[in-house]
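Have the sequence and the model open as you read.

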Amino acid sequence: MVASAPPPAEPAAAATNPPASTAPTEDGEVEAGATPSRTSALGTANWGTATLVGVFAGLIYGGSKEASASVSKDAEVMLKMGSTTDKREQYRLMRDAMEKRFIWVAKGSLVGGVRLGMFTATFFGIQNLLIEKRGVHDVFNIAGAGSATAAAFGLILPGSPMWRARNVLVGSALGAGVCFPLGWIQLKLAEKANLEMASSKPTDLVEEQGNQSGVGAAIERLGRSLKK
């Protein structure tokens with residue numbers, strides 16, 4: 001019997017395509033099929049930086065407010081010092097006035113820093129949360145954050161439940177009414193600044209290339225002069 005021919009070999013499996021690269025291009029754009037990196041939205045501020053700025057601003061405002069309020073009490077100290085001729089008594093009155101002023105200014109600075117820091121942290125925290133949930137940053141995020149922050153601070157104010165409810169309603173409406181136009185102005189300014197930066201990039205590149213070519217030409221001339 002004639003031996004049967006062996007079965008034909010199966011064709012090799014086609015090579016699998018390599019996964020799409022997720023590396024960004026030179027222009028900063030992500031290639032097709034890649035997952036874009038998460039970047040900060042237009043016109044947003046870092047939560048930690050904004051909170052620190054709020055704390056320092058509150059410290060300065062609270063301290064300056066208490067310092068200006070304590071100036072009116074200097075007249076009483078001067079009257080007390082003028083009513084006695086004893087140097088020790090005058091020194092004691094001045095020392096007590098300076099100690100009280102220092103305590104008032106320090107207390108006002110701490111209270112102002114804590115209050116404004118908490119307000120700033122709450123506002124930007126709610127704003128970043130809305131941006132993450134909605135997936136877009138617009139004026140409604142700013143207005144919503146201002147309304148919620150004002151309502152929260154109106155709720156913690158001392159008073160009866162009816163008074164707190166009234167503060168919540170007034171704070172919510174006032175926060176939204178104030179933050180809506182301010183947020184619109186902020187976004188417009190940020191958008192304009194980004195457009196100006198984008199339009200100025202080609203000019204900067206041309207100038208840089210011109211400077212580089214000028215430096216290269218100077219180096220070549222120096223090399224030719226040295227060869228001579």
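## Annotated spans

UniProt positions are given here in the numbering of this structure, with feature names shortened, and annotations may be inferred rather than shown by experiment. The unreviewed UniProt entry lists residues 102–127, 139–157 and 169–187 as "transmembrane region".

This is a predicted model, where local features need pLDDT of at least 70, side-chain atom pairs count only at pLDDT 80 or more, and totals for chains, interfaces and linings use all residues. Residues are numbered from 1 along each chain as its sequence is written, and side-chain values use heavy atoms, leaving out hydrogens and water.

Helices (H or I, at least four residues) and strands (E, at least two) are DSSP runs, numbered from the N terminus. Residues 102–127 are 100% helix and 0% strand, with end C-alpha atoms 37 Å apart. For residues 139–157 the span is 89% helix and 0% strand, and the end C-alpha atoms lie 28 Å apart.

## Helices α3 and α4

How do α3 and α4 cross? Their axes (lines fitted to C-alpha atoms, for helices over the stretch in contact, with angles from 0 to 180 degrees between N-to-C directions) come within 8 Å and cross at roughly 140 degrees. The two helices are therefore oblique to each other (under 35 degrees counts as roughly parallel, over 145 as roughly antiparallel, 65 to 115 as roughly perpendicular, and the rest as oblique).

Contact means heavy atoms within 4.5 Å. Among the residues making this contact are Arg115, Phe119 and Arg134 of α3 and Phe140, Gly144 and Phe153 of α4.

## Helices α1 and α3

Helix α1 (residues 47–71) and helix α3 (residues 87–134) have axes that come within 6 Å and cross at roughly 150 degrees. That makes α1 roughly antiparallel to α3.
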